[in-house]
Amino acid sequence: MALAETFVWDEASYIRAWEAGVFGEQRVELVEGQVIRVVIGDWHGQVTARVIRRLPEDGWRVTNATLPAAGSLPDPDAFVCRRGAEPVARLGTERTISRLNPGDVGLVVEVADASFVFDTEVKTVAYGRAGFGWYWVVHREGVEVFTDPDEGGYRERRHVGPDGEIEVPYAPGTTIPVAELLDVDQP
């Protein structure tokens, strides 16, 4: 009996397939060589909207575009980039995906419901290896704050519960109460 082979995707193969319409209307992302289907439920969508509304934009831009990260092409729920930041590269035949200098990315945010383990174990490697300084995973029990990126992910991880506040790293002196991000009325 032959063993099944697993195909590991690289950026170029994934972009060619995406541009050719292979994935159709399905929302997918490339993370650590695997094409992952993205499903957005009610709680996730509502909390993502709260996060985006609460992030300050003075000198920065909040987006949810694809964020190339060390060979992965994840679609974070939000990330913040410096206004006027010039991409270090543009990917795809239409050059529609921008690779940014890590210093121009002030924060990356994932909202995790069913994806908590994936977001805190797998995506941390991609974002940390890319050198993005701050990564938040917002979940029903609070926010996991990852800092001090390295090749294996992040050296520091801190949990902030629903009664706490989190520092906005690119806006010194600005904090956000975690309770304002969580939608406690949604099951």
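Select strand S4 (78–82) to begin: with three residues, S4 gives the most to the lining of the largest pocket. Strands like this are DSSP runs of E with at least two residues, helices are runs of H or I with at least four, and both are numbered from the N terminus. A quick heads-up: this is a predicted model, where local features need pLDDT of at least 70, side-chain atom pairs count only at pLDDT 80 or more, and totals for chains, interfaces and linings use all residues. Residues are numbered from 1 along each chain as its sequence is written, and side-chain values use heavy atoms, leaving out hydrogens and water.

What counts as a pocket? On a 1 Å grid over the protein atoms alone, where a 1.4 Å probe fits, it's an open set of points with protein on both sides within 12 Å along at least five of seven lines; lining residues have an atom within 4 Å of a point.

Next stop: the second largest pocket. Pick Arg 37, Val 38, Val 39, His 44 and Ser 115, which of its 19 lining residues are the closest to the centre. Which element has the largest share of this lining? Select H3, which supplies three residues. Strand S2 (34–37) and strand S7 (105–111) each supply at least two.
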